[in-house]
Amino acid sequence: MKTLSVDKQEIEQLLFREASLIDEGQFNEWLELYDDELTYWVPCNDRDIDPELHVNIIYENRARLTERIKRLQSGLAHAQIPPSKTCHLVSNIEVAGSDGDVVTVTAKFVIAELRRSTQTIYAGRYVYHLVRKNDQWKIRMKKVELINNNEFLGNVSFIL
């Protein structure tokens, strides 16, 4: 098995950029950070379930995530009228290891969402699988492990 050379600062900048693009509503640019074979996953209840066999809060591939972004940008996503304002804080970024050409990275997050004069706080851990494409890191998988994923979440139709 080959060992990948990983620049932690480069990884951190990717995750910080991802958070900024979401907060700025630049969803097309955000999607460009992802690999074509992407998985965007927010599990429900346990962290280590098989997403193909269990209920998930969100479990999307590129086509479904592209459709979500189109709805958010169209003004027809009724659950996002008015659109949420978000502020993502990403910290404790760690390169957990690599397997072949995939690097696993974990990070902690806090997301403040403001919508209709109500502020909601979400927190948890991200797990990323990153791959190197054309000398850039791409996100192949993003798993959002909310600490309250077995509780009432309300409207999470925005991008976590």
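This is a predicted model: local features need pLDDT of at least 70, side-chain atom pairs count only at pLDDT 80 or more; totals for chains, interfaces and linings use all residues.
Colleague: How far apart are the end C-alpha atoms of helix H1, and what span should its residues give?
Modeller: Helix H1 covers residues 8–23, and at 1.5 Å a residue these 16 residues should span 22 Å.

Colleague: Within what arc do the buried residues of H1 fall, seen down its axis?
Modeller: Buried here means under 20% relative accessible area, and in H1 the buried residues are Ile11, Leu14, Leu15, Glu18, Ala19, Leu21 and Ile22. They line one face of the helix, because seen down the axis of H1 they fall within an arc of 165°.

Colleague: Which residue has a side-chain oxygen that reaches the backbone nitrogen of Gln9 at the start of H1?
Modeller: The contact is made at the start of H1, where a side-chain oxygen comes to within 3.0 Å of the backbone nitrogen of Gln9. The residue that supplies this oxygen is Asp7.

Colleague: Which strands are the edge strands of the open sheet?
Modeller: The sheet is formed by 6 strands with mixed pairing, in the order S2-S1-S6-S5-S4-S3. An edge strand pairs on one side only, and this holds for strand S2 (56–60) and S3.

Colleague: What is the bridge partner of Val127 in S6?
Modeller: Strands S5 and S6 run antiparallel and are joined by 10 bridges. For Val127, the bridge partner in S6 is Lys143.

Technical notes. Residues are numbered from 1 along each chain as its sequence is written. Side-chain values use heavy atoms; hydrogens and water are left out. Helices (H or I, at least four residues) and strands (E, at least two) are DSSP runs, numbered from the N terminus. The expected span of a helix is 1.5 Å times one less than its number of residues. Buried means under 20% relative accessible area, exposed over 50%, partly exposed in between (1.4 Å probe, protein chains only). The arc is that of the directions from the helix axis to the C-beta atoms. A polar contact is a pair of N or O atoms within 3.5 Å; within protein, one must be able to donate a hydrogen and the other to accept it, and residues adjacent in sequence count only if both atoms are side-chain atoms. Two strands pair if DSSP finds at least two bridges between them.
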